[in-house]
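Colleague: Can you walk me through this one? I'd like to start with the sheets and then get to the ligand.

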Amino acid sequence: MPGEKGPQDACGVFGVWAPGEEVAKLAYFGLYALQHRGQESAGIATSNGEQILVYKDMGLVSQVFDETALGALQGHLAVGHCRYSTTGGVTWENAQPTLGATHNGTVALGHNGNLTNSADLVNLVAERYGAQRRGELARGNTTDTALVTALLAGDADHTLEATALEVLPKLRGAFSLVFMDERTLYAARDPQGVRPLVLGRLERGWVVASETPALDIVGASFVREVEPGELIAIDEQGLRSTRFAPIDRAGCVFEYVYLARPDTSINGRSVHAARVEMGRVLANEHPVEADLVMPVPESGTPAAVGYAQASGIPFGQGLTKNAYVGRTFIQPSDTLRQLGIRLKLNPLRDVIRGKRLVVVDDSIVRGNTQRALIRMLREAGAAEVHVRISSPPVKWPCYYGIDFASRAELIANGLGPAEIGSSLGADSLGYISESGMIAATEQSESQLCTACFTGDYPITLPPEHQLGKGLLEQAELPLGSPEDGLHSLSVGAGGGTALDHP
Ligand code: SF4
């Protein structure tokens with residue numbers, strides 16, 4: 001439905017260290033490949049060894065950058081970010097990379113994930129730096145990322161690397177970080193490895209990115225994952241790896257279900273292959289007599305292929321997706337809004353008419369989209385509509401970087417599958433089992449987070465009042481007065497920000 005969002009991811013990150021390459025363009029195309037992870041804002045920071053320059057703005061990667069902006073971003077290392085917000089509002093101030101002054105220079109940082117101990121970190125920032133707000137916090141940034149950036153300021157006798165090794169063990173929750181100072185690129189991942197982060201090799205440098213397709217698009221070869229609890233540093237001396245915490249793996253199972261690109265591989269498992277297998281399992285767990293298996297495009301397609309393979313029912317496309325309408329910031333008029341789902345999906349009537357359909361989708365959050373879809377398929381002449389979902393019912397919120405909806409809005413909170421099916425207007429509804437979904441990922445259950453399905457949160461959560469997207473917008477937080485602690489700041493046309501080396 002227009003305005004109704006499915007599960008929203010929490011950012012894509014990209015970093016590159018490559019002397020002699022146009023690093024801003026590599027970062028641009030890397031972010032382009034990660035656009036599905038965050039569409040609210042985008043930014044790139046580059047360094048020429050002396051000075052860091054960052055350019056960021058609201059919108060898609062292709063809307064934020066043009067040749068002129070990229071041409072201004074010179075240097076041999078870069079970090080880039082595309083954002084979907086999970087802590088802090090959708091504002092220019094909250095766009096990334098964030099910038100902070102350190103004792104020896106500057107740090108620019110991009111973050112995928114969501115921290116769960118932001119309230120503790122606020123106190124830590126206040127303890128360390130007193131009443132004076134620093135840097136991003138002084139400029140109105142209300143994200144967990146700004147807190148990390150402030151903590152990375154460090155002491156006079158500490159390098160950024162040494163400060164990071166002190167700060168990273170204090171963070172709780174999900175964080176795949178890329179950051180840099182004037183000379184060194186860093187990448188770090190939380191001990192659970194909730195969100196993906198991979199390392200790639202260029203002929204003349206290194207790349208880190210949220211997902212493997214961002215390596216492919218810039219011609220980097222996959223080396224390995226950044227390990228959970230690992231800090232990597234890359235500069236002219238090569239690559240250094242330091243462990244800041246033991247591995248306690250709890251990767252997000254929803255990355256396999258929906259969030260990651262199908263051409264991504266996570267912890268050795270192809271996401272596409274996992275989704276096809278989920279469809280096969282679904283067919284075995286919830287068989288039905290039907291004439292056609294059709295996906296809700298695009299995310300339901302691999303599971304629909306698997307369902308068709310295992311059931312022997314022919315696969316077909318019954319819906320055409322308008323791929324671009326969901327990627328506009330223009331709100332539809334009231335007349336258009338009443339057309340509902342037709343803004344995004346249109347039925348192929350001659351394929352659907354008179355058929356008993358199996359409609360395969362990846363997840364149901366609120367159910368409004370599926371209800372409208374089923375109505376549309378019936379109007380187009382479907383004889384029966386059987387809905388099959390390649391993830392179990394979503395019953396719990398995510399605090400590690402995915403924005404589903406509040407618990408009260410989740411349709412599976414309080415309703416069983418049969419009730420949900422009739423509320424949607426489906427002839428039948430079947431969800432894959434938890435064990436079937438987990439088996440399809442080829443990961444061991446103890447190494448996955450499944451909290452949004454099971455309520456078992458692998459990283460301890462603070463009290464409810466210390467969670468939530470607006471946490472850092474509360475006025476009573478001990479963050480001191482809003483005065484800029486940065487050395488020199490200028491805001492350029494188009495929202496670019498330059499921070500001069502102190
Ligand atoms: S709660 Fe769900 S979406 Fe969030 S990290 Fe865990 S599995 Fe992923």
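**The open sheet**

Modeller: Six strands make up an open sheet, ordered E5-E6-E7-E8-E12-E13, with antiparallel pairing. Keep in mind that this is a predicted model.

Colleague: Which strands stand at the edges, and why is one side of each left without a neighbour?

Modeller: Strand E5 (98-101) and strand E13 (238-243) are the edge strands; each has a single partner strand, so one side of each has no neighbour in the sheet. On average, neighbouring strands of this sheet are turned by 20 degrees against each other, ignoring direction.

Colleague: How many bridges between E6 and E7?

Modeller: Five, in the antiparallel sense, between strand E6 (residues 106-112) and strand E7 (residues 176-180). Within that pair, Ala108 stands opposite Met180 in E7.

Colleague: Which strands does helix H6 touch?

Modeller: Helix H6 (residues 144-151) packs on the sheet and touches E5 and E6, with its direction at about 145 degrees to that of E6.

Colleague: And what does H7 lie across?

Modeller: Helix H7 (residues 160-167) lies across E6, E7, strand E8 (185-189), strand E12 (230-235) and E13. The angle between H7 and E12 is about 170 degrees.

Colleague: Switching to E4. How many of its residues are buried?

Modeller: Seven of the seven residues in strand E4 (residues 77-83) are buried. In a regular strand, side chains alternate between the two faces of the sheet. Here both faces are covered: Leu77, Val79, His81 and Arg83 are buried on one side, and Ala78, Gly80 and Cys82 on the other.

Colleague: What does E4 pair with?

Modeller: Strand E1 (residues 12-17) pairs with E4 in the antiparallel sense over six bridges. Strand E2 (residues 41-47) also pairs with E4 in the antiparallel sense, over seven bridges.

Colleague: Which residues of E4 stand opposite Val13 and Ser47?

Modeller: Val13 stands opposite His81, and Ser47 stands opposite Leu77.

Colleague: Now the ligand. Which residues are around it?

Modeller: The residues around the ligand are Val194, Arg195, Cys252, Val253, Phe254, Cys398, Tyr400, Ile402, Phe404, Cys449, Ala451 and Cys452.

Colleague: How does that shell split by class?

Modeller: There are 11 nonpolar residues, no polar ones and one charged residue.

Colleague: Which helices each supply at least two residues of the shell?

Modeller: Helix H9 (253-259) and helix H17 (451-454).

Key
Residues numbered from 1 in each chain as written. Predicted model: local features only at pLDDT ≥ 70, side-chain atom pairs only at ≥ 80, totals over all residues. Heavy atoms only, no water. Pairing = 2+ DSSP bridges. Helix = DSSP H or I, 4+ residues; strand = E, 2+ residues; numbered from the N terminus. Axes fitted to C-alpha atoms, helices over the stretch in contact; angles between N-to-C directions. Contact = heavy atoms within 4.5 Å. Near = heavy atom within 4 Å. Nonpolar A, V, L, I, M, F, W, Y, C, P; charged D, E, K, R; others polar. Buried < 20%, exposed > 50% of the residue type's maximum accessible area, 1.4 Å probe, protein only.
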